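Colleague: Could you take a close look at the charged side-chain pairs here, and then tell me how the packing works around them? I'd like the cut-offs as you go.

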Amino acid sequence: MSIWQVNLDSRDVSQYRKKLNNQGFISANYYSSNGFDLKKMRQLAIEGKIDAIRCIIGKATRWYYFENQAETARLRGELY
């Protein structure tokens, strides 16, 4: 498990986002709105416990986390 970093042009974002969703990666915005602690999620990704993708789009950075691993971490109580 690891963190991948991807640099994108703004015109490639929507296509790549669909690809990420098809592979099981969900945006950090979704997790935030559903009560997940994003600081702990990022820490788990740094520790190698969950997979994450860091998309850099110009000056903006978007994080995506693998859904199955994030849900499992939540059920184990690691994200509260």
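Modeller: Start with lysine 49, which makes a salt bridge with glutamate 47, the closest N and O atoms being 3.6 Å apart; the criterion is a Lys or Arg side-chain nitrogen within 4 Å of a carboxyl oxygen of Asp or Glu. Bear in mind that this is a predicted model, where local features need pLDDT of at least 70, side-chain atom pairs need 80 or more, and totals for chains, interfaces and linings use all residues. Numbering runs from 1 along each chain as its sequence is written, and side-chain values use heavy atoms, with hydrogens and water left out.

Both partners are partly exposed, lysine 49 at 41% relative accessible area and glutamate 47 at 44% (buried is under 20%, exposed over 50%, partly exposed in between, with a 1.4 Å probe and protein chains only). The whole structure has four salt bridges. Another of them pairs arginine 11 with aspartate 9 at 3.3 Å, N to O; arginine 11 is exposed at 69%, while aspartate 9 is partly exposed at 38%. Glutamate 78 and arginine 76 also pair up, at 3.4 Å between the closest N and O atoms, with glutamate 78 partly exposed at 27% and arginine 76 exposed at 52%.

That last pair brings us to helix H4. Glycine 77, with a positive phi near 85°, follows H4. H4 covers residues 67-75, and its buried residues are Gln69, Ala70 and Ala73 (helices are DSSP H or I runs of at least four residues, strands are E runs of at least two, and both are numbered from the N terminus). The buried side packs against helix H2 (28-33), helix H3 (38-47) and strand S4 (60-66), with contact meaning heavy atoms within 4.5 Å.

Leucine 79 is worth a look too: leaving out residues up to four places away in sequence, it touches Ala70 and Ala73, along with others including Phe36, Met41 and Leu44.
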